[in-house]
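Subject: Structure for you to look at, with notes

Dear colleague,

Here is the structure I promised to pass on, and my notes follow below it. Please read them with the model open beside you.

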Amino acid sequence: GGMRRRLGLAQTMLGDPDVILMDEPTAGLDPEQRDRFAGAFERAAETALVVFTTHISADVVNLAQEVVVLSEGRLQFVGTVDELASRGPDPAAPVSSESVDAGYIAVLRGDRSDPGDG
């Protein structure tokens, strides 16, 4: 799985794209494959805008610079990973998969919403 995903990313990069869209790029990869894919992802992001969907909060923490949360076709949040993590019940918690998950849940519930969101 990991080799196929890296090969797919390499094939995409051959065309020197300005934008790369990926859907769940690390789903099904083991930790070593995910780490290797992260390196390829970072290299791709040096020359292109990379947009990806994921349900894996570790990918958000490790790969994302900006986060967009959509729910039922509506924009619920736009901001940095740190801003999303701070939306959880402990705004001072260090950014981690757990704090990103908590922020995501808070956004979906409408907790601590800012006037500029959604």
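Which helices and strands each supply at least two residues of the lining of the largest pocket? They are strand 1, helix 2, strand 2, helix 3, strand 3 and helix 5, where helices (H or I, at least four residues) and strands (E, at least two) are DSSP runs numbered from the N terminus.

Before the details, a word on the basis of these notes. This is a predicted model, in which local features need pLDDT of at least 70 and side-chain atom pairs count only at pLDDT 80 or more, whereas totals for chains, interfaces and linings use all residues. Residues are numbered from 1 along each chain as its sequence is written, and side-chain values use heavy atoms, with hydrogens and water left out.

The chain as a whole

The protein chain contains five helices and four strands, and along the sequence these follow the pattern α-β-α-β-α-β-β-α-α. Its C-alpha atoms fill a box of roughly 45 × 25 × 25 Å, taken along the principal axes. Of its 118 residues, 32% count as buried, a term that stands for under 20% relative accessible area, with exposed meaning over 50% and partly exposed in between (1.4 Å probe, protein chains only). If one takes the contacts (heavy atoms within 4.5 Å) between residues at least 6 apart in sequence, 50% of them join residues at least 24 apart.

The pocket

The largest pocket has a volume of about 890 Å³. On a 1 Å grid over the protein atoms alone, a pocket is an open set of points where a 1.4 Å probe fits, with protein on both sides within 12 Å along at least five of seven lines, and lining residues have an atom within 4 Å of a point. Grid points are joined across faces, edges and corners, and the volume is the space filled by probe spheres set on the points. There are 29 lining residues, and F52, A64, E66, V67 and V68 are the closest to the centre of the pocket. By class, the lining has 20 nonpolar, six polar and three charged residues; here Ala, Val, Leu, Ile, Met, Phe, Trp, Tyr, Cys and Pro count as nonpolar, Asp, Glu, Lys and Arg as charged, and the others, Gly among them, as polar.

The nonpolar core

In soluble globular proteins, nonpolar side chains tend to be buried together. A nonpolar core is a set of buried Ala, Val, Leu, Ile, Met, Phe, Trp, Tyr and Cys residues joined through side-chain atoms within 4.5 Å. The largest one here has 23 residues, of which L9, I20, M22, F41, V67 and L84 touch the most other members. Strand 1 (19-23), helix 2 (31-45), strand 2 (49-53), helix 3 (57-63), strand 3 (66-71), helix 4 (81-85) and helix 5 (97-109) each supply at least two residues of this core, and helix 2 gives the most, with five residues. Leaving aside residues up to four places away in sequence, I20 touches L9, T12, M13, A44, A48, L49, V50 and V51.

F37 also belongs to helix 2 and counts as buried at 1% relative accessibility.

Salt bridges

A search of the whole structure finds two salt bridges, each being a side-chain nitrogen of Lys or Arg within 4 Å of a carboxyl oxygen of Asp or Glu. In one of them R36 pairs with E32, and the closest N and O atoms are 2.7 Å apart. R36 and E32 are four residues apart in helix 2, and therefore separated by about one helical turn. R36 is partly exposed at 44% relative accessible area, and E32 is partly exposed at 49%.

D59 forms a salt bridge with R34, with the closest N and O atoms 2.8 Å apart. This pair links distant parts of the chain, since D59 lies in helix 3 and R34 in helix 2, 25 residues apart. Both D59 and R34 are buried.

Two backbone points to check

D16 has a positive phi of about 50 degrees although it is not a glycine. D16 lies in the loop between helix 1 (2-14) and strand 1 and is exposed, with a relative accessible area of 57%. E72 also has a positive phi of about 50 degrees without being a glycine; E72 sits in the loop between strand 3 and strand 4 (74-80) and counts as exposed at 80% relative accessibility.

With best wishes
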